[in-house]
Amino acid sequence: MSNYVKYIRNMVGNNPIILVGCGVLVCRGSKILLHRRVDNGMWATFGGCMEMGETSEETARRELFEETGLTAGKLEFLGIFSGSDMFYTYPNGDQVHCVCIEYICTDFAGEMSPQADEVLEFRWFDINKLPPNINPTNKPALAALKEKIC
């Protein structure tokens, strides 16, 4: 959790807040790299909360590196996702209305190394054969990716 989010949570507790998140959908052909989250056991793309002063691309790159050890090359803008589909309650009770800025990355380098406190495992999935337990706030971006590449 970012310092900014901790600061806000100290004031509002678990009450709903608006968070800006940025993410990366790592792709290789029709395959997408997902990770299984520690907090809820669901499969998810890579991303997290924007820190003050960061651009959306900087946030996306930082989060990808922190969670995977991969360095993103070129990022392609996929979309901005918000609205009722992006409301989420974390297992600890924190409620958020997410505004997510998502990028596609096919140009990446490095050796994958999971961030132990957030990532249980990595796995490549065919975009047409995703697992049923996808993190809810990632579903709109994955649907947009599927529409784009299929």
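A salt bridge is a side-chain nitrogen of Lys or Arg within 4 Å of a carboxyl oxygen of Asp or Glu. Keep that in mind for later.

First, the ground rules. This is a predicted model, where local features need pLDDT of at least 70, side-chain atom pairs count only at pLDDT 80 or more, and totals for chains, interfaces and linings use all residues. Residues are numbered from 1 along each chain as its sequence is written, and side-chain values use heavy atoms, with hydrogens and water left out.

Let's start inside. Buried means under 20% relative accessible area, exposed means over 50%, and partly exposed is in between (1.4 Å probe, protein chains only). A nonpolar core is a set of buried Ala, Val, Leu, Ile, Met, Phe, Trp, Tyr and Cys residues joined through side-chain atoms within 4.5 Å. The largest one here has 23 residues. Among those with the most contacts inside it are Leu-25, Leu-78 and Leu-145. Which elements give two or more residues to this core? They are helix 1 (3-12), strand 1 (17-28), strand 2 (31-37), strand 6 (76-81), strand 8 (95-105) and helix 3 (139-149). Helices (H or I, at least four residues) and strands (E, at least two) are DSSP runs, numbered from the N terminus. There is also a second, separate core of 15 residues, including Val-26 and Phe-122.

Contact means heavy atoms within 4.5 Å.

Now helix 3. Its buried residues are Pro-140, Ala-141, Leu-142 and Leu-145. They pack against strand 1, strand 2, strand 6 and strand 8.

On to helix 1. Here Val-5, Ile-8 and Arg-9 are buried. What covers them includes strand 1, strand 4 (46-49) and strand 8. The face turned away carries the exposed residues Asn-3, Tyr-7, Asn-10 and Met-11. After helix 1 comes Gly-13, with a positive phi near 65 degrees.

Look at Met-11 again. It is exposed, at 54% relative accessible area. With Tyr-4, Tyr-7, Val-12 and Met-52, Met-11 forms a nonpolar surface patch of about 540 Å² of accessible area together. Such a patch joins nonpolar side chains (Val, Leu, Ile, Met, Phe, Trp, Tyr) within 5 Å, or like charges within 9 Å, using residues with over 30% relative accessible area and no salt bridge. Accessible areas come from the Shrake-Rupley method with a 1.4 Å probe; for residues, only the protein chains shown count as cover.

Back to charges. How many salt bridges does a search of the whole structure find? Nine. In one of them, the side chains of Arg-62 and Glu-54 meet at 2.6 Å, N to O. Glu-54 is buried, with a relative accessible area of 19%. Glu-54, Arg-62, Glu-63 and Glu-66 are linked in a network of salt bridges.

Another pair is Arg-61 and Glu-57, with the closest N and O atoms 3.5 Å apart. Both lie in helix 2 (residues 56-68), four residues apart, about one turn.

Last one. Glu-76 and Lys-148 form a salt bridge, with the closest N and O atoms 2.9 Å apart. Glu-76 lies in strand 6 and Lys-148 in helix 3, so the pair ties together parts that are 72 residues apart in sequence. Glu-76 is partly exposed at 33% relative accessibility, and Lys-148 is partly exposed at 46%.
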